[in-house]
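User: I am new to this structure. Please take me through it in short questions and answers.

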Amino acid sequence: MKAGSPALSRGKAPLDDALALLHDMNACYSRLRQLVPSLPRNRSVSRTEILQHVIDYILDLQTALDRDSAAANVKTTRARDY
């Protein structure tokens, strides 16, 4: 958490800290919903479903990076062979 986060402030009641943390988590889930293109926009999804889509999206991005990196290595190798 950020140093200025309401969840880390001193002298607040435990309920205030819990509510601030819940607000922070809700904001994080909202941000994930905006960033992950495979999440359905026309219906509500659970936090578990959001996390599963996030994991799948990260794996898809990693696969794309690995594939692009392999293709770049093949091009570099071919260019050196000429």
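User: In which helix does His 53 lie?

Analyst: This is a predicted model, where local features need pLDDT of at least 70, side-chain atom pairs count only at pLDDT 80 or more, and totals for chains, interfaces and linings use all residues. Residues are numbered from 1 along each chain as its sequence is written, and side-chain values use heavy atoms, with hydrogens and water left out. Helices are DSSP runs of H or I with at least four residues, strands are runs of E with at least two, and both are numbered from the N terminus. On that count, His 53 lies in helix 2.

User: Is His 53 buried or exposed?

Analyst: Buried means under 20% relative accessible area, exposed means over 50%, and partly exposed is in between (1.4 Å probe, protein chains only). The relative accessible area of His 53 is 18%. His 53 is therefore buried.

User: Which side chain does His 53 join in a polar contact?

Analyst: A polar contact is a pair of N or O atoms within 3.5 Å; within protein, one must be able to donate a hydrogen and the other to accept it, and residues adjacent in sequence count only if both atoms are side-chain atoms. Contact in general means heavy atoms within 4.5 Å. Leaving aside neighbours within four places in sequence, His 53 is in contact with Val 36, Ser 38, Leu 39 and Pro 40. The polar contact, at 3.0 Å, is with the side chain of Ser 38.

User: Which residues form the largest nonpolar core?

Analyst: A nonpolar core is a set of buried Ala, Val, Leu, Ile, Met, Phe, Trp, Tyr and Cys residues joined through side-chain atoms within 4.5 Å. Val 45, a core member, is in contact with Arg 33, Leu 39, Pro 40 and Ile 50, leaving aside its neighbours within four places in sequence. The largest core has 6 residues: Tyr 29, Val 36, Leu 39, Val 45, Ile 50 and Val 54.

User: What share of the chain is buried?

Analyst: The chain has 2 helices and 0 strands. Among contacts with a separation of 6 or more, residues 24 or more positions apart account for 2%. Of the 82 residues in the chain, the buried share is 13%.

User: Which residue meets Arg 43 in a salt bridge?

Analyst: A salt bridge is a side-chain nitrogen of Lys or Arg within 4 Å of a carboxyl oxygen of Asp or Glu. The structure holds 1. At 2.8 Å, N to O, the partner is Glu 49.

User: How much accessible area do Leu 15, Leu 19 and Leu 22 have together?

Analyst: Patches are made of residues with over 30% relative accessible area and no salt bridge; like charges are joined within 9 Å, nonpolar side chains (Val, Leu, Ile, Met, Phe, Trp, Tyr) within 5 Å. Leu 19 lies in helix 1, residues 14–35, and is partly exposed at 48%. Areas come from the Shrake-Rupley method with a 1.4 Å probe; for residues, only the protein chains shown count as cover. The three leucines form a nonpolar surface patch of about 300 Å².
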